[in-house]
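Please keep the sequence and the model in view while reading.

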There are 2 protein chains.
Amino acid sequence: MKTILLNNRPQGKPTTSNFEFVTEDTELTIKDGEILLEAAYVSVDPYLRGRMSDAKSYVPPFQLNEPVQSGVIAKVTATKNDNFKEGDYVSGLLNWQTQQVSNGDGLNKVDGTKAPLSAFLGILGMTGLTAYLGLNEIGKPKAGETIVVSGAAGAVGSVVGQIAKILGLNVIGIAGTDEKIDMLKSKFGFDAGINYNTNKDINAEIKKLAPNGVDIYFDNVGGPISDAVLFNINRFARIIICGAISVYNETETPKSVSVQPFLVKNSALMQGFIVSNYADKFPGAIKQLSEWLAEEKLTYTETIVNGFENIPTAFIDLFEGKNKGKMIVKI
Amino acid sequence: MKTILLNNRPQGKPTTSNFEFVTEDTELTIKDGEILLEAAYVSVDPYLRGRMSDAKSYVPPFQLNEPVQSGVIAKVTATKNDNFKEGDYVSGLLNWQTQQVSNGDGLNKVDGTKAPLSAFLGILGMTGLTAYLGLNEIGKPKAGETIVVSGAAGAVGSVVGQIAKILGLNVIGIAGTDEKIDMLKSKFGFDAGINYNTNKDINAEIKKLAPNGVDIYFDNVGGPISDAVLFNINRFARIIICGAISVYNETETPKSVSVQPFLVKNSALMQGFIVSNYADKFPGAIKQLSEWLAEEKLTYTETIVNGFENIPTAFIDLFEGKNKGKMIVKI
């Protein structure tokens with residue numbers, strides 16, 4: 001049995017020395033109500049960087065010398081719990097550990113005949129849920145409206161854009177390379193894209209692409225890109241704050257254009273979105289996403305790395321953009 | 001008949017030279033369906049500054065060389081409209097004009113025997129409605145929560161604090177003089193107050209007064225005061241953006257602490273509030289406010305300036321905080 005512990009907290013960009021591998025020969029046993037799990041796929045996500053710090057946040061920090069956790073698809077290899085049988089696959093927040101014991105709380109069964117198992121960490125997992133629920137619960141999209149998505153080529157952003165197209169919106173994506181902009185339009189069906197690295201005036205470009213203004217902004221980045229969008233919002237605009245990656249690494253408190261005058265002038269709403277607050281809506285969302293996936297209305301990209309020992313490297317590679325779409329480690 | 005026109009658009013802080021007084025000898029006449037009105041009380045409000053600019057906003061800008069408008073209580077002095085009789089008092093959005101003709105659209109009759117006429121511009125008018133509906137519709141207050149109110153000694157802020165106390169919240173007000181802070185506590189029942197002019201570290205002071213954090217922030221001011229509150233918001237906090245008086249007169253786009261990381265970390269909501277969007281809820285709100293007023297659970301302060309010719313000065317004085325509570329000009 002192998003486990004990956006948080007050895008020390010990253011200063012700046014994480015490195016492999018932040019993690020420690022432990023190998024034990026112990027045979028795990030289960031008690032009544034418990035199941036034995038074997039990891040099959042492990043999700044690595046940028047947000048885990050936050051839990052490796054000890055700053056106050058919506059999820060408690062990882063403890064030093066304890067296993068790191070993330071979204072995992074695992075196989076039930078032994079069971080003393082009537083809700084699970086041997087051979088079932090489950091998804092949940094689990095340890096970076098080859099084998100582990102669970103009482104089943106917080107685990108959901110996944111059906112590998114309906115979609116590849118890895119999809120339950122991406123488009124049918126937190127990624128898809130974040131896109132679907134963030135857009136619907138806060139964005140309340142209506143056909144004919146215009147949405148801007150930042151971080152549009154990322155795992156969440158690319159799904160937001162596709163769902164918005166399904167719902168009949170005009171979709172503008174913002175990303176950092178021409179290759180990504182091409183992909184947004186050719187693969188994910190966005191109506192238009194803006195390369196923030198080559199475009200000198202994002203505000204003016206949005207005005208050109210959205211002459212009637214922006215009704216919804218799905219914000220993954222914060223910072224100057226979000227400032228530019230603000231100048232284009234419509235009355236009753238909804239802004240979903242899903243992430244603020246552009247300012248996560250700043251050491252000083254970041255400053256931006258004051259949002260308050262824009263919000264009051266436009267009766268606009270800005271709300272922080274964390275998918276775990278909407279757990280009661282997961283089943284309905286998964287059902288809809290699965291249908292769209294089966295109908296080929298949704299597509300996705302994933303980067304699959306092989307081997308438990310490569311989890312830390314795969315995580316670190318996220319910050320160098322080495323992944324395309326969702327980054328997953330196959331055990 | 002005297003009229004106040006918008007002579008030119010203010011650059012920065014408004015001055016008396018932005019306004020022009022016109023005196024005419026014309027005798028106004030009314031046609032069938034019309035009424036003749038004589039202004040009795042004129043409301044001056046910070047939001048009017050926005051309408052004096054020609055920037056796109058939720059209400060169209062005032063036109064140059066046309067009368068400025070605001071909330072007015074007027075007496076019906078002649079009538080050819082069956083809905084109004086001579087001697088009635090009405091409230092509505094009317095011109096800064098001693099006499100004017102109306103067809104009655106958008107006017108509400110007010111009953112001066114139930115409360116002083118000026119109250120219908122304040123606690124039983126837009127001021128009270130803004131406080132009540134902003135707090136309830138966006139703030140969704142729950143007993144035991146903590147609210148911070150900025151511009152707390154202002155017309156809206158002082159009502160917000162009183163309603164929050166009625167509803168069982170812990171109420172902290174921010175205002176600009178010790179006299180105002182004393183009034184918040186002694187007259188309006190706030191639990192605590194912070195003088196932003198003498199307190200060097202508002203963030204730390206809020207932490208001290210609200211050790212369990214801030215659940216609701218009713219924001220009338222924007223700028224550095226609002227930045228300080230952000231550092232103290234709780235998970236699921238609601239921030240009502242009712243005004244941003246601190247930045248209304250800025251000529252450059254104002255910058256503040258980036259709100260996005262605070263909102264996402266706390267799943268918090270920030271929403272621009274404009275009372276006119278909630279017109280369907282006015283009757284219920286007025287009923288509740290009238291009851292509380294009759295039960296003496298609510299009190300209010302007004303600063304009454306005398307004389308039609310002093311309307312512009314009274315308006316300008318708002319930006320220097322010269323008013324206590326609702327600023328009204330008695331004609």
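A residue is called buried under 20% relative accessible area, exposed over 50% and partly exposed in between, with a 1.4 Å probe and protein chains only. By this scale C242(A) is buried, with a relative accessible area of 17%, and C242(B) is buried at 16%. If a disulfide is a pair of cysteine sulfur atoms within 2.5 Å, the count over all chains is zero.

The model is predicted: local features need pLDDT of at least 70, side-chain atom pairs count only at pLDDT 80 or more, and totals for chains, interfaces and linings use all residues. Residues are numbered from 1 along each chain as its sequence is written, chains are lettered from A and ligands numbered from 1 in the order in which they are written, and side-chain values use heavy atoms, with hydrogens and water left out.

Helices (H or I, at least four residues) and strands (E, at least two) are DSSP runs numbered from the N terminus, and two strands pair if DSSP finds at least two bridges between them. An open sheet of 12 strands, with mixed pairing, has the order β10(A)-β9(A)-β8(A)-β11(A)-β12(A)-β14(A)-β14(B)-β12(B)-β11(B)-β8(B)-β9(B)-β10(B). At its edges stand β10 (192–195) of chain A and β10 (192–195) of chain B; each has a single partner strand, so one side of each is left without a neighbour in the sheet. Strands β9 (residues 170–175) of chain A and β10(A) run parallel and are joined by four bridges, and A175(A) has N195(A) as its bridge partner in β10(A).

Helix α2 (residues 126–139) of chain A has 11 of its 14 residues buried, so it is largely enclosed by the rest of the structure. Among these buried residues are L129(A), Y132(A), L133(A) and I138(A). Axes are lines fitted to C-alpha atoms, for helices over the stretch in contact (heavy atoms within 4.5 Å), and angles run from 0 to 180 degrees between N-to-C directions. α2(A) lies across β8 (146–150), β11 (214–219), β12 (233–241) and β14 (269–272) of chain A, at about 145 degrees to β12(A).

A nonpolar core is a set of buried Ala, Val, Leu, Ile, Met, Phe, Trp, Tyr and Cys residues joined through side-chain atoms within 4.5 Å. In the largest one, of 97 residues, I147(A) and I147(B) touch the most other members. Leaving aside residues up to four places away in sequence, I147(A) touches residues including L135(A), V160(A), I216(A) and F218(A). A second, separate core of 52 residues includes A210(A), L230(A), V214(B) and V257(B).
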